[in-house]
Amino acid sequence: MKKPQRARYRQFTQIGIELIGATGALADAEIIRVACRGLESLGLRNYQVVIGNIGVLNRFLDNLDLDSRLRSFLLGQMSVLKQPQGKQQVAQRLAELYPDFQPGIEAPGTDRQLLPEELAPETDEDNPLNTQRLVHLFRGMDNESARQAILDLLESLNIDLGGNREPEEIADRLLTKLKRQDQTPRISLALDFLSELAQLKGDPETILRQGTQVLATYGIDCAPLQDLRAIADLLAFYNLDGSQVCLDLGLSRGIQYYTGMIFEIHHRGVGEDRQLCGGGSL
């Protein structure tokens with residue numbers, strides 16, 4: 001069983017609130033305000049609301065087309081990446097889990113559109129040039145198109161595959177292998193981006209400005225940041241003290257079913273920082 005994080009417990013008393021049928025910044029701000037009012041009704045006022053948007057991470061990782069296990073691992077490492085040597089620790093762990101990953105390989109330049117052909121290695125001394133071109137062609141297709149192209153190629157060459165496996169299974173295995181061969185530059189790019197994002201925590205105005213610059217560098221839509229700006233403005237309308245609101249673009253909560261805004265509320269009393277509330281939009 002996984003050891004609980006510091007100041008967190010296996011047993012606790014909780015109450016849950018769900019807002020069904022409403023979306024957007026207004027609904028997100030309302031849920032956060034309800035949580036704050038609940039704490040205040042108990043006499044707890046020295047708290048801080050930490051808000052992020054998992055959509056920023058999801059949109060970036062969607063473009064990279066990493067396999068699901070690797071994607072889940074990276075999302076689970078956001079708290080580690082916040083630490084001073086976090087990036088090196090995660091890179092070392094990646095090298096242990098994925099032997100093909102070589103931390104020394106640099107990601108492509110930052111003027112990116114994150115296309116598969118841009119992320120693929122330019123040369124491969126172990127493969128003839130024509131074969132390498134074919135590999136790059138398959139990598140540039142979506143999964144269904146690449147699968148059908150492989151089946152068509154096998155049929156046109158009249159290759160007797162033999163054995164008990166169906167051609168579709170063989171094509172899927174080959175496609176999976178081709179995709180995995182291209183993981184190192186993609187992982188390096190993801191690690192760079194997640195490391196930068198993990199450091200962006202602070203007052204809303206500063207973080208929104210810095211976050212916009214980072215997302216523009218990586219070619220990511222800034223719409224999630226606009227949602228965060230709207231939520232911060234609405235919380236001010238609810239008379240929530242601005243010093244109590246913090247944006248954290250590296251917040252992930254370690255739970256995969258959130259799709260947009262996520263938040264935590266921490267007690268800022270003497271001693272350890274303790275999380276009191278948490279949630280997000282599905």
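Both Glu40 and Arg33 are buried, where buried denotes under 20% relative accessible area, exposed over 50%, and partly exposed the range in between (1.4 Å probe, protein chains only). Glu40 and Arg33 form a salt bridge in which the closest N and O atoms are 3.4 Å apart; a salt bridge is a side-chain nitrogen of Lys or Arg within 4 Å of a carboxyl oxygen of Asp or Glu. The structure is a predicted model, in which local features need pLDDT of at least 70 and side-chain atom pairs count only at pLDDT 80 or more, while totals for chains, interfaces and linings use all residues. Residues are numbered from 1 along each chain as its sequence is written, and side-chain values use heavy atoms, with hydrogens and water left out.

In total, the structure holds 8 salt bridges. One of these joins the side chains of Asp248 and Lys82, with an N to O distance of 2.7 Å. Asp248 belongs to strand 3 (residues 245-248) and Lys82 to the loop between helix 4 (78-81) and helix 5 (86-97), so this pair ties together parts that are 166 residues apart in sequence. Helices (H or I, at least four residues) and strands (E, at least two) are DSSP runs, numbered from the N terminus. Asp248 is buried, at 2% relative accessibility, whereas Lys82 is partly exposed, with a relative accessible area of 30%.

A further salt bridge links Glu96 with Arg93, the closest N and O atoms lying 3.3 Å apart. These two residues are 3 residues apart in helix 5 and are therefore separated by about one helical turn. Arg93 is partly exposed, at a relative accessible area of 40%.

Helix 2 (residues 54-64) packs with helix 10 (residues 183-198) at an angle of about 170°, their axes being 10 Å apart. Axes are lines fitted to C-alpha atoms, for helices over the stretch in contact, and angles run from 0 to 180 degrees between N-to-C directions. Helix 2 is thus roughly antiparallel to helix 10, a term applied to angles over 145 degrees. Residues of helix 2 in this contact (heavy atoms within 4.5 Å) include Val56, Phe60 and Leu64, and among those of helix 10 are Arg186, Phe193 and Leu197.

Helix 2 also meets helix 12 (residues 223-237), the axes coming within 8 Å and crossing at roughly 180°. Helix 2 is accordingly roughly antiparallel to helix 12. Here Gly55, Val56 and Arg59 of helix 2 meet Ala223, Pro224 and Leu225 of helix 12.

Note on methods. Angles under 35 degrees count as roughly parallel, over 145 as roughly antiparallel, 65 to 115 as roughly perpendicular and the rest as oblique.
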